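Student: Please take me through the features of this model one at a time, giving the general idea before the particular case.

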Amino acid sequence: MANNVVAKKEFGTQLTKVNDIYLPMIQRQMQGNGIQMDGYSKQCVLSAIGAINNVLDTNGVSWNDPNLDKSNITQVLLNVAALKLNASAHPREVYFQLRNVKVKDKDGNEHWKKQIEMGIEGDGNDAILSRFGRNVKEVKQFWLVRENDKFEYPTYNGLEMTPPKWTPTGKGKVVRVVYPIIKKDNTIEFYISEREDVLKNLIAHINNNLMNETFGLAENRYKATTKQKEQIAEKKRAILEKAEKLGLDSALDDPELQQYISPAWKDPQSRESMIVRKMRNNIVKKIPKDFGNAYIGLIYEENTDQEYIRVRKEIEENANQEELDFEEVEYEEAQEVEVIDQPDPKPANVLPNEETLEEQKQEQMQFENITEGPGF
């Protein structure tokens, strides 16, 4: 019993040290971008650190692990602070997972690093909409309209709108999601997303999982010849065209396509919740937002704009870049992700208020003083 008490005390002390290192650094970088962190932003950062610690602990990874990408964690925490996403909220607004990413240093040597990936849950997007939605006064409870429900779409006569009508039965698959939004002038707008619209999300997901696929035509996509690249591209095109032709549910059930689809999409226990989440996201993302700060707007785009993420991946894979974290200067290039489920986290930016190297050395010394223990 005494040993358990000592272990818990040691664990709490070590996690407090991690908080004391990261939180002031996040505050300084936010202030450098014209953002004053309020109490809720600080709470979100601390909750994120606790959630990340649970992920590391589950995977047997220490905060002092030399293969753990600290600059990546810094960027994730900046994202959490700017968007005010609470990992302790229920339902969850944000989640974290550990990924192994192959990187190449300045000498061209490849090695694996561990990175924390951040994903925004459906309720996280709702929280962002409520906080930053342009002229949004209140986001009401969304409607889950099922295939056996009675539903009438809204009608418009010039500027006059007749609201939609919904009689729920609770039977059948969810075929559409409706968001009633109250604007600041007390008008109400209804945003609707259809089930079949999720097909484009699935196609993007499959395309992402095909990134490193060579179909046995080459050792890997980096060593493929021009002719092999054309053959690989043609096969990928055929797969994506097949998914588009089949439609959402048929594509998810197709044996050939399932090998390129992650379990969260196709497993019975998570398939419907994934589809509903994508419908909700498709609505919330298209509603205009006003972040009041260009930096927060950029972070939002980096975490939600799939085209931006795709372009950024291509840049990272084909050009060297300098990563500066709070411990040391390293030159790395993201090259290959071991498991692809969600967009890769963005490496830390060099921000306008970047700490001097002397400050970084001091923070490194602080960090290295964290002793190994449970979860570390």
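Student: Is Phe-291 buried or exposed?

Tutor: Burial is read from relative accessible area, where buried means under 20%, exposed means over 50% and partly exposed lies in between, computed with a 1.4 Å probe on protein chains only. On that scale Phe-291 is buried because its relative accessible area is 14%, and Tyr-300 is buried as well, with a value of 4%. Over the whole chain, buried residues make up 49% of the 376 residues.

Student: Before we go on, what should I keep in mind about the model and its numbering?

Tutor: The model is predicted, so local features need pLDDT of at least 70 and side-chain atom pairs count only at pLDDT 80 or more, whereas totals for chains, interfaces and linings use all residues. Residues are numbered from 1 along each chain as its sequence is written, and side-chain values use heavy atoms, with hydrogens and water left out.

Student: How many aromatic pairs does a search of the whole structure find?

Tutor: Rings of Phe, Tyr and Trp (its six-membered ring) pair if their centres lie within 6.5 Å; planes under 30 degrees apart count as stacked, over 60 as edge-to-face, and the rest as tilted. By this test the search returns 8 aromatic pairs. One of them joins Phe-151 to Tyr-153, with 5.0 Å from centre to centre and 85° between the planes, an edge-to-face arrangement. The rings of Phe-291 and Tyr-300 also have their centres 5.0 Å apart, but their planes meet at 40°, so this pair is tilted.

Student: What is the burial class of Phe-151, and what is that of Tyr-153?

Tutor: Phe-151 has a relative accessible area of 15% and is therefore buried, while Tyr-153, at 42% relative accessibility, counts as partly exposed.

Student: How many helices and strands are there in the chain?

Tutor: Helices (H or I, at least four residues) and strands (E, at least two) are DSSP runs, numbered from the N terminus. The chain has 13 helices and 12 strands.

Student: In which sense do strands S1 and S2 pair?

Tutor: Two strands pair if DSSP finds at least two bridges between them. Strand S1 (residues 94-104) and strand S2 (residues 110-120) pair in the antiparallel sense, over 11 bridges, and the bridge partner of Val-94 in S2 is Ile-120. The hairpin that S1 and S2 form has 5 residues between the strands, and Gly-108 there takes a positive phi near 85°.

Student: At what angle do helices H2 and H3 pack?

Tutor: Axes are lines fitted to C-alpha atoms, for helices over the stretch in contact, and angles run from 0 to 180 degrees between N-to-C directions. Helix H2 (residues 39-58) and helix H3 (residues 70-83) pack at about 140°, with their axes 8 Å apart. This makes H2 oblique to H3, since angles under 35 degrees count as roughly parallel, over 145 as roughly antiparallel, 65 to 115 as roughly perpendicular and the rest as oblique. Ser-41, Cys-44, Val-45, Ala-48, Ile-49 and Ile-52 in H2 meet Ile-73, Val-76, Leu-77, Val-80 and Ala-81 in H3.

Student: Why is helix H5 described as largely enclosed by the rest of the structure?

Tutor: Helix H5 (residues 199-209) is largely enclosed because 8 of its 11 residues are buried, including Leu-202, His-205 and Asn-208. H5 and helix H6 (residues 226-246) pack at an angle of about 160°, with their axes 10 Å apart, and they are therefore roughly antiparallel to each other. In this packing Leu-199, Ile-203, Ile-206 and Asn-207 in H5 meet Ile-239, Leu-240, Ala-243 and Glu-244 in H6.

Student: Which residues is Asn-282 in contact with, leaving aside its neighbours within four places in sequence?

Tutor: With those neighbours left aside, Asn-282 is in contact with Ser-193, Asp-197, Val-198, Lys-200 and Asn-201. Asn-282 is found in helix H10 (residues 268-286) and is buried, with a relative accessible area of 16%. Asn-282 and Asn-125 are 157 residues apart in sequence, yet 10.0 Å apart in space from C-alpha to C-alpha. For the chain as a whole, 69% of the contacts between residues at least 6 apart in sequence join residues at least 24 apart.

Note on methods: Contact = heavy atoms within 4.5 Å.
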